[in-house]
Structure formats: C-alpha cells, structure tokens
Amino acid sequence: MSSAVRMVQDEGGGPGVLHRPVCRVLQAHHAQMATVHMRDLFAADPARFERFSLRVGELLLDYSKNRITGDTMSLLERLAEEADVAGWRERMFAGDKINHTENRAVLHVALRNRGNFPVKVDGEDVMPKVNAVIERMGAFAERVRSGEWRGYTGERMTDVVNVGIGGSDLGPQMVVQALKPYRHPRLKMHFISNVDGAHVKEALEALNPETTLFIVSSKTFATQETMTNAHYAREWFLAQSQATGHIARHFVAVSANRDAVAAFGIDPAHMFEFWDWVGGRYSLWSAIGLPIVLVVGAERFAELLEGAHEMDEHFRHAPLAQNMPVILALLGIWYNNFFGAESHAILPYDHYLRSLPAYLQQADMESNGKSVDRDGRVVDYSTGAIVWGASGINGQHAFYQLLHQGGRMIPADFIVSVEPHTELQAHHDILFAHFLAQTEALMRGRTREETQLEMGSPEGGSAQTGQFVQHKVFDGNHPSNALLLQKLTPHALGMLIALYEHKIFVQGVIWNLNSYDQWGVELGKQLASRILPELQAAAPVTGHDASTSALINYYRRMRRPHAGL
C-alpha cells in the first residue's frame with residue numbers, strides 16, 4: 001500500500017494535509033489521473049494554455065504542462081479552503097505571532113510595505129522604524145557610492161565584503177548577482193560565509209585594506225561562523241592600518257546587539273537594525289539587504305521592494321483559484337502527497353539567476369523540512385520537498401538525463417526572461433528555444449513509433465538499428481511550470497522572490513507546520529560547541545559514541561604536525 005493511501009485511510013491523524021475531508025476525493029481523483037498522459041490532455045483541449053496560465057504584472061505563469069484537469073484544481077482549492085489558507089494569510093499580514101514556538105510575528109511583508117499602511121506588533125506600528133532604517137541605508141549607501149565616505153587614508157571604497165551566513169548571505173548574494181547589470185561601476189561586492197579558512201583568505205588576498213568596506217551581518221553579533229570570519233577580517237585590516245580607531249571607517253554592522261557592535265570597534269551610529277520578527281531566510285528586504293543597496297543604489301532597492309509588494313498585494317487579495325503563489329503551492333502538494341514526488345527542481349535559464357536554486361533551498365527546506373506539526377504531533381505524511389537545481393543550459397548537459405528518462409517524478413520550475421540584458425539576441429534566442437524545448441520534451445516525450453521514424457527505421461527494420469530503439473524512447477508526462485519575466489529588473493526579481501516566499505507559506509499551512517522556526521539547526525550547533533574544546537584536550541576523548549570519539553582522537557593525532565605542536 002502506498003504511503004499516500006495509508007495516510008488517507010488513517011482515521012486518527014491531526015489536521016495535516018491528508019487528514020482533511022477533501023483528501024479522500026483527491027485520492028480517488030489521483031487514481032484516475034495516474035495513467036492519464038498530458039499529450040492527451042492537450043489534444044482534448046486546444047484552450048488548455050488559456051485555462052491554466054496566469055499573468056501578474058510582468059510575470060507570466062504557464063502551469064498547463066501539469067498532470068491536472070479543472071477538477072484537479074477545484075479539489076486542490078478545496079484543500080486550501082479546508083486548511084484555512086486565507087485565515088492564516090490574514091494573521092500573517094496582521095502581525096499575529098504565527099511563529100508560535102518563538103512567540104514572534106512573521107512580517108517580512110512589512111519590510112516592503114510600499115503602501116505604508118499600519119502594521120502592528122504588540123500594539124505598535126512597526127512601519128516608522130522600518131522606513132527609518134531604509135532611509136538610513138539609502139543615505140549611507142549614497143555616501144559610499146558617491147565617494148564621500150572614504151577610508152582611513154582618504155581613498156574611496158572600491159570593494160565591499162559582506163560577512164554573514166545563511167539568510168545573511170544567501171539572500172543578498174543572490175540578489176546582487178541577479179542585478180549585476182545595475183551595479184555601481186566602481187564597487188565590487190564580495191561575500192564571506194564559510195568558516196573554512198580558505199574562504200576568507202581567498203576573498204581577502206586580492207583586496208586592499210585602504211579601499212575595503214566590511215559589513216558584518218549577525219542579529220546577535222555572536223554567530224560563531226560569522227564572528228570568526230569577522231575577527232579574522234578585523235586582524236587582516238589592523239595588520240596594515242595599525243590603529244583600532246580606523247575600524248570605524250571600514251566596518252559597519254547589521255545587528256540588534258549594540259553593545260557587541262561597539263566592543264568590536266564599530267561606531268554604533270553605523271549599525272543598521274532589524275527585528276526579531278524578521279526571519280533570517282526572509283531578511284534580504286531588511287537591513288540585511290545593505291549590500292544590495294550599496295551595489296545597485298537606493299532607487300533600485302526600492303524597485304525590488306515594490307515588486308515584492310505587488311506580489312504581496314496579489315497574494316493577499318486574489319481569489320485562491322487565480323492566486324499565483326497558491327497555485328504553485330497546490331501543485332507542489334499534488335505531486336508531493338499524492339504522486340509521491342520527493343524533490344523539486346528550480347531551473348533558471350538566466351546566468352544572473354544561477355544562485356536562485358541555492359537561495360530557494362534554504363527558503364523552502366529550512367521552512368518546511370519538518371516532521372512535527374504546529375501542535376507538536378509527529379506527522380505521518382510527507383512535508384517539504386528536496387529543492388535543487390542549476391542554470392538551465394548547464395543543467396541540460398548534467399542532470400536532465402535523469403529528468404527525462406529516470407524513474408522518479410521530479411516536478412520542475414523553468415524560469416526565463418523575454419528580454420535579455422545583453423545585445424546578444426542570437427544567444428538569447430538559442431537559450432529561449434532550449435527553454436521551450438525542454439518543457440515540451442518533458443511533457444510530450446517520444447513514443448517508440450516516433451523514435452523509429454526519426455531513426456529512419458520503420459517497424460521490421462534491421463536488428464542492428466531496432467535493438468537500440470527503446471533506449472531513445474521518452475515516456476514524457478513529466479510536470480513542469482514555466483515562469484516568464486518580461487526582463488530581469490529589480491521589480492521583476494522582487495515579484496519572483498515574493499512568489500516563492502508565499503508558496504512556501506501556503507504549503508506550510510496545508511501541512512500544518514510552523515514554517516518560521518528552525519530548531520533542526522540547533523542540535524548540531526550545540527554539539528559543535530561541546531566538541532570544539534575537546535579538539536585541544538590533553539586526554540583522549542571518550543564521551544561520545546564510539547565513532548565520534550574515535551574521529552576526534554584521530555583528528556587530534558593527525559593535526560598536530562601541521563599545527564606546529
């Protein structure tokens with residue numbers, strides 16, 4: 001018996017996805033759809049694209065190449081209604097503390113609230129503080145960009161280094177890369193996150209301390225990885241500048257810990273604040289986005305916020321049946337919980353979006369990679385998908401073989417812009433042709449008869465040719481979404497990111513999860529804090545399992561010659 005069938009037959013479970021009343025109907029519908037091929041769906045409905053596509057501003061979603069009918073979507077919409085997606089959506093926008101395990105509101109939407117309507121947390125409107133920080137970021141960035149802000153020798157800044165990890169690194173790095181066509185001509189942006197010493201050494205080796213500005217991003221200013229790299233950068237800078245007083249000209253902070261920032265040597269006047277209702281993986285809209293403002297300027301950053309706000313307004317007010325984030329979320333539920341798909345591929349056909357898959361890995365898998373529901377019950381149904389991917393053309397020569405002829409269902413999102421940022425139109429036409437061809441090939445496949453015709457071998461042809469026919473047959477019927485941007489502008493990028501944020505939220509509601517805590521990362525941190533001093537212990541370590549203790553002792557023995565001990 002499949003896990004999906006077992007889950008809907010269980011009378012006991014909680015309010016998770018497959019214990020809702022509509023799911024019995026969905027399961028029966030899935031049994032009918034399991035053998036339906038999308039070729040036949042397109043053949044039967046010439047208007048299928050019009051029925052299963054949606055445009056919001058400059059973003060077009062074509063979801064017609066999915067294993068769905070109108071009945072499928074109606075049933076999935078009922079699932080969203082039974083899960084009270086609309087009610088949870090209003091709680092989030094209203095500032096309710098829907099992150100209940102940490103007693104926090106979830107208000108990344110307030111950070112890009114361009115309508116500036118009041119958003120209250122504990123009775124206080126947060127918008128005046130949000131607007132003040134955005135204004136300070138813009139003013140500081142303009143001083144750096146114009147050359148007014150200078151280093152301790154009077155030189156202009158040429159390089160900016162962001163020191164952070166997780167959401168303090170992946171989000172701003174992805175956006176800075178995506179908006180490279182809008183970058184400041186003098187400023188080069190660098191990101192340091194990995195506590196592997198090779199990362200920080202490699203990043204700094206070609207930089208000049210006199211013209212380098214560091215942004216240290218840590219809410220607590222105590223994150224081990226970030227502060228280890230920040231202190232190394234501090235010592236690197238002091239080795240040349242020779243005076244701690246110069247730190248204030250070359251280091252700024254994004255944090256909530258004023259005392260720790262000052263102790264580091266950073267002028268608290270150059271600390272940019274954010275709040276506990278800003279989740280790390282949803283924080284690029286906050287002061288964590290300072291690298292973005294420095295590189296593209298305050299005006300372009302505002303356009304990024306405006307794009308996200310446009311998607312927020314669509315998500316908040318559009319009916320579920322015409323709601324782009326809801327549609328993407330429901331399709332993901334359909335494949336995850338009824339077809340048993342375990343992963344989801346993000347395939348941007350855009351060089352500037354090459355870091356989007358890594359960004360969405362954290363956004364999605366840290367949010368919904370959970371097996372305990374909001375009420376503390378261990379779930380008996382599949383939750384967050386494994387999110388992965390790469391830029392499209394490169395992926396075609398790497399893992400698309402598995403997508404086309406592997407034995408797993410892997411739904412995929414294909415993302416492309418209509419207008420390129422370069423003048424190389426012929427290149428872009430080739431790129432766009434491949435984008436379209438892959439979605440069509442995944443949907444249509446190629447039958448044995450079609451393969452034989454293309455090989456020039458009709459039925460009954462030579463054994464030498466015929467024996468390889470099956471190797472070239474493609475089943476097709478692999479689902480995909482196509483997301484088309486008019487052009488990768490700050491506004492369009494804001495819409496795209498917010499689209500995925502809300503998709504993740506909707507799936508968390510349907511799975512009855514708290515998508516905004518991440519207790520799963522804490523145990524490893526705690527154990528690392530215990531192990532670190534043991535690496536320097538005088539006596540053999542025995543306090544762990546046999547494997548961990550043996551590896552600690554092996555490392556201690558083998559590292560000594562290299563450490564000069």
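Colleague: Which element gives the largest share of the lining of the largest cavity?
Modeller: That is α16, with five residues. Helices are DSSP runs of H or I with at least four residues, strands are runs of E with at least two, and both are numbered from the N terminus. This is a predicted model, in which local features need pLDDT of at least 70, side-chain atom pairs count only at pLDDT 80 or more, and totals for chains, interfaces and linings use all residues. Residues are numbered from 1 along each chain as its sequence is written, and side-chain values use heavy atoms, with hydrogens and water left out.

Colleague: What volume does the largest cavity have?
Modeller: Its volume is about 190 Å³. A cavity here is a set of points, on a 1 Å grid over the protein atoms alone, where a 1.4 Å probe fits but cannot get out, and lining residues have an atom within 4 Å of a point. Grid points are joined across faces, edges and corners, and the volume is the space filled by probe spheres set on the points.

Colleague: How many residues line the largest cavity, and which lie nearest its centre?
Modeller: The lining has 22 residues, and G332, H344, A385, K503 and Q507 lie nearest the centre. Two or more residues each come from α16, β10 (343-348), β12 (412-419), β13 (480-487) and α23 (490-510).

Colleague: How does that lining divide by class?
Modeller: The largest cavity has nine nonpolar, nine polar and four charged lining residues. Ala, Val, Leu, Ile, Met, Phe, Trp, Tyr, Cys and Pro count as nonpolar, Asp, Glu, Lys and Arg as charged, and the others, Gly among them, as polar.

Colleague: How many cavities of 30 Å³ or more are there in the whole structure?
Modeller: The search finds five. By class, the lining of the second largest cavity has six nonpolar, three polar and one charged residues.

Colleague: Back to α16. Is N337 buried or exposed?
Modeller: N337, found in helix α16 (residues 324-338), counts as buried because its relative accessibility is 2%. Buried means under 20% relative accessible area, exposed over 50%, and partly exposed in between, with a 1.4 Å probe and protein chains only.

Colleague: What lies 2.8 Å from a polar atom of the N337 side chain?
Modeller: The backbone oxygen of S382 does.

Colleague: New topic: which residues cover the two faces of β5?
Modeller: D159, V161 and V163 lie on one side and V160 and N162 on the other, and all are buried.

Colleague: Which strands pair with β5, and in what sense?
Modeller: Strand β5 pairs in the parallel sense with β6 (residues 188-192) over five bridges, and in the parallel sense with β7 (residues 212-217) over five bridges. Two strands pair if DSSP finds at least two bridges between them. V161 stands opposite H190 in β6, while V160 has L213 in β7 as its bridge partner.

Colleague: What about β8?
Modeller: Four bridges join β7 to β8, and the two run parallel; S217 has V254 of β8 as its bridge partner. From β8 (residues 251-254), F251 and A253 point one way and V252 and V254 the other way, and all are buried. Strand β8 also pairs in the parallel sense with β9 (residues 271-272) over two bridges.

Note on methods: A polar contact is a pair of N or O atoms within 3.5 Å; within protein, one must be able to donate a hydrogen and the other to accept it, and residues adjacent in sequence count only if both atoms are side-chain atoms. On a 1 Å grid over the protein atoms alone, a cavity is a set of points where a 1.4 Å probe fits but cannot get out, and a pocket is an open set with protein on both sides within 12 Å along at least five of seven lines; lining residues have an atom within 4 Å of a point.
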